[in-house]
Each structure stands twice: as structure tokens, then as C-alpha cells.
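Please keep the sequence and the model in view while reading.

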Amino acid sequence: MREENVPFPGKLKIFSGPANYQLAKEIADCLILPLGKVRLGRHADREFDLKYEESIRGTDIFIIQPTNQPDSHLFELLSMIRTARDASAGRITAVIPYYGYARSDRKNLPRTPINAKLVADLITRAGANRILAVDFHAAQIQGFFDITVDHLFAKPVFINTLREFYKEEIAKGELIVVAPDGGATNNARAYAKKLGNAPIAIIDKRRLEPNKNEVLSIIGAEKIPGKTALEIDDLADTGGTLVKGAIALMEADAKKVDAACTHPVFSEPFFKNIANSVISNFFVSNTIEIPPEKLLDKIKVISIAPLLAEAIKEIHNNGSVSQLF
């Protein structure tokens, strides 16, 4: 066993998949390293192809690739991992800022898949030695892997921005943190503690079918009048949950409603839903690339590149990742 803080013997190299080149570039810049040279492309029939254009034998490589749009981005990651293994990379860490299929983490009904486990098996089988991920939708996904998983939380990065943005509301006791459903309660409570011990409210909803929810009631509605309500969630897909929650919060006499989530999945209905919603500001990270032409004025992007860069440095140096939590 290697001693703590003794770096991995191979040279550190960062490679970007096609899904989020800008984030990979920011991470490399934070580490004062160039991005590794890799040619990525598709044939006329859309088959994916790649070639590492520098030697990676014995190196400690980190492949940056979120797996939103998993039909394409997941296979690209698998191919990059397998090709690196076949090229004798010393260690391969898959850096997955957003883990696609994370919502398929258990059987809700008979004869339905647990795709989050299938994805974990595919990544492991492809040849990854380690996983670095951010805000899994379900914490148990860590246990789906038979290799080491470093699970980071975006909360420390968000808190710095939100404290400054809401400093007046925090000082006056006019901020309330809202969980848009029961599953987000622990996360909302953690944010509230860091935002001046703000009170929390919980929206009770019923899922009618995928991407369709009905708000039933607000637990803690009596604390809302006159306050800025901040909805906290791990991801936004169509935005339906947050938009309906925002309507309910305004009906409960909130002064205004903002939202924050780690992963901007942003399926096509999202932009119309949010543009027409009562949500004033929407904070997201850059785990998933947002096309510049779709960046609404109310969307505020917070970079997690420094967090991932620090984690990569600690992993390479055999240091402690837990200090980043």
C-alpha cells in the first residue's frame, strides 16, 4: 500500500470528452495543465471514433465527461475509457460531473430497470479504476460500483455565491429555503444551515407520471409570507417541479421565488417553462454545458471547475478528498 500523500507514479493528464469541453478546459486551467490531445469524431453513420494523439502509457489520466444525453455521451465515455486501458494508461479516473440515468436507481414498479446500476457496471467493465462524481441524484449509487467512488457535493461552491447574493435577506431574516419535494429535504436543510440558519419549508407533491407532478400542500407555509423563497434541488429537467412549486410559494405570499440546482439537465420544455414562470433567478452549475444562445437572463451559472480540479489534485497526490466536503 502506498503511503499517504505520495503521488501516483504516472504523470497526470486531463482529457475531455465531447460533452463539456469548456468545463474540462477550466479544470485544466485551474491545474495549470494543458488538456490532453485526443481526436474525437463521428463517421457518416454516426459511429463514434477517437484517437489519443499522445502517449498515455503509465499515466494517471482523468477523463471529463458528463453523461447527459446518455445514448451518445455515455458510449463516448465508455469508448474513451476502454481505449485508454488498451493504450496501457496507468490509472483511469472517469470524472462524471453529471451521472445520467441516476433517477433510475431502484424499481418503482414491477418489471422496470435499475439503469443506474447497469451504467455503473458498464463503466467498470470498460476499464475505469476510479469514479469522481458530483451530487448523485441518489446517494446509494456509490454502492453500485465495485471500484472507488469519490462523491463530491456542489453545496460549498453554491454557498459562497448564495451568501453574497442574499446577504441582505439573511441579515434581515427574510430568506426561507424550500425543498421542492420530500426527497430534497436533507439537502435543503443543509443549505439553510449555511445560509444564516434560515427556516425551511417542504412542498408535498404527488408524481402523476414522469415529468408531471401535482403540488398538494406546503409544510411550513406559515413561515413564507414576506420572505424570499429559495427552492433547492439537485437537478432541473423540464423545470415542472420547480415552476409549480414557485406558483404555490407565491400563493403563500412569498415576496419572490428563486431556485438553485446542481445539474442543468434542461430538456427542451425547460426554457419555455422557466421563461414564463414566476421564478426570478435560477442558479445552476456547469456540470452540463448550456448552449450560450439558451442562457436566459435569469439563469446564473456557477463553475464547479475549481472543486473538481482540487479533487483531481488530491487523488493524484494520494491526498484527502473528504476535506472538500
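Domain bounds, as used here, come from an automatic or database domain assignment. On that basis the chain is divided into domain 1, residues 10-151, and domain 2, residues 153-302. The model is a predicted one, in which local features need pLDDT of at least 70 and side-chain atom pairs count only at pLDDT 80 or more, while totals for chains, interfaces and linings use all residues. Residues are numbered from 1 along each chain as its sequence is written, and side-chain values use heavy atoms, with hydrogens and water left out.

The centres of domain 1 and domain 2, taken over C-alpha atoms, are separated by 29 Å. To the contact between them (heavy atoms within 4.5 Å), domain 1 gives 15 residues and domain 2 gives 13 residues. Together the two domains bury about 1,300 Å², of which 49% lies on carbon and sulfur atoms; buried area here is the accessible area (1.4 Å probe) that two parts lose on being put together, summed over both. Of the area that domain 1 buries against domain 2, Y98, R103 and D135 supply 42%, more than any other three residues.

An unreviewed UniProt entry annotates residues 12-127 as "domain: Ribose-phosphate pyrophosphokinase N-terminal"; such positions are given in the numbering used here, feature names are shortened, and annotations may be inferred rather than shown by experiment. Over residues 12-127 the chain is 34% helix and 22% strand, with its end C-alpha atoms 18 Å apart, where helices (H or I, at least four residues) and strands (E, at least two) are DSSP runs numbered from the N terminus.

Helix α3 spans residues 115-126, and its buried residues are N115, A116, V119, A120, I123 and A126, buried meaning under 20% relative accessible area, exposed over 50%, and partly exposed in between (1.4 Å probe, protein chains only). Why do they lie on the same side of α3? They cover an arc of only 150° around the axis, which puts them on the same side of α3; the arc is that of the directions from the helix axis to the C-beta atoms. These buried residues pack against α2 (70-86), β5 (91-96) and β6 (130-134). After α3 comes G127, with a positive phi near 125°.

In helix α6, residues 185-194, the buried residues are T185, A188, Y191 and A192. Because they cover an arc of only 125° around the axis, they are on the same side of α6. The face turned away from this buried side carries the exposed residues N186 and K193. G196 follows α6, and its phi is positive, near 70°.

Conventions: Expected span 1.5 Å × (residues − 1).
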